[in-house]
Amino acid sequence: MENPRTVEEVFRDFKGRRAAVIKALTADVEEFYQQCDPEKENLCLYGFPSEQWEVNLPAEEVPPELPEPALGINFARDGMQENDWLALVAVHSDAWLLSVAFYFGARFGFDKADRKRLFNMVNDLPTVFEAVTGAAKKQAKDKTSVSNHSNNKSKTNQKSQGSETQLKPPKAKKEEEEEGLDEEEEDEHGDTLCGACGGNYASDEFWICCDICEKWFHGKCVKITPARAEHIKQYKCPSCSNKRARP
């Protein structure tokens, strides 16, 4: 296939590659996961204008004919939660798709107006990241999205505040919050289980999240108090601490 030369052709190329990548990270995610074996060499996720995708080694030629996707996506597969890993691949795929589109723009001499038009056409589409994380939320939180339909005026601003370590506030703090936020927290974490004892989440108990495996634990199960947690910049649960300690 010849390289695209007009804004419309470049955009068509972009849409095909984007559809391929989204397909790999959503509809074909099981096949994609299996192909990203961490035991293999540096692998890349390629999307083609035909809306087909491929996991393969990078091109040997330097410089390559087109910008290359993120290298070594397979190495992080088993070191992260699956949804977080897919979201990371999605972010890098967004960067790659833009770089390919604007590589064509530069190669075929798009002027300022053409570049702006191309960007606006691209920007009208949801990003791969938005498509992938939106699908993940829909699958994982069907109940939450239904129960929260009447209460989405003020989502959890507090999640973006505080220290790097994620803490579930003790009861004293909970009582100071609005009743509506209380109910949202219950809906969101109601099916969360403690990584140590397997018990359910309750709003009147102190919980802490491991920054490595992202599992939640009762503070009492991992012997962490709210006061001690305030001084922890990055919390590692006992299991992750033991993994790091092994030679």
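The structure is a predicted model, in which local features need pLDDT of at least 70, side-chain atom pairs count only at pLDDT 80 or more, and totals for chains, interfaces and linings use all residues. Residues are numbered from 1 along each chain as its sequence is written, and side-chain values use heavy atoms, with hydrogens and water left out.

The protein contains 10 helices and 5 strands, taken as DSSP runs (H or I of at least four residues for helices, E of at least two for strands) and numbered from the N terminus. Of its 247 residues, 34% are buried, that is, under 20% relative accessible area with a 1.4 Å probe and protein chains only, where exposed means over 50% and partly exposed lies in between. The accessible surface is about 15400 Å², and carbon and sulfur atoms hold 49% of that area, as computed by the Shrake-Rupley method with a 1.4 Å probe. Among contacts (heavy atoms within 4.5 Å) with a separation of 6 or more, 63% join residues 24 or more positions apart.

A nonpolar core is a set of buried Ala, Val, Leu, Ile, Met, Phe, Trp, Tyr and Cys residues joined through side-chain atoms within 4.5 Å. The largest one has 32 residues, and Leu-25, Phe-32, Leu-45, Leu-118 and Val-128 make the most contacts inside it. Two or more residues of this core come from each of α1 (7-25), α2 (29-35), β2 (53-56), α3 (82-107), α4 (112-123) and α5 (128-140). Leaving aside residues up to four places away in sequence, Val-128 touches Arg-18, Val-21, Ile-22, Leu-25, Ala-90, Asp-94 and Leu-97. A second, separate core of 17 residues includes Phe-206, Phe-217, Ile-224 and Ile-232.

Turning to the arginine, Arg-77 sits in the loop between β2 and α3 and is buried, at 11% relative accessible area. A polar atom of the Arg-77 side chain lies 3.5 Å from the backbone oxygen of Cys-36. Beyond residues up to four places away in sequence, Arg-77 touches Tyr-33, Gln-34, Cys-36, Asp-37, Pro-38 and Trp-85.

Finally, the cysteines: the structure holds 0 disulfides, a disulfide being a pair of cysteine sulfur atoms within 2.5 Å. For Cys-194, the closest cysteine sulfur is that of Cys-197, 3.8 Å away and therefore too far for a bond. Cys-237 is likewise in no disulfide, with the sulfur of Cys-240 the nearest at 3.7 Å. Cys-194 is buried at 4% relative accessible area, and Cys-237 is buried at 2%.

How values were computed. A polar contact is a pair of N or O atoms within 3.5 Å; within protein, one must be able to donate a hydrogen and the other to accept it, and residues adjacent in sequence count only if both atoms are side-chain atoms.
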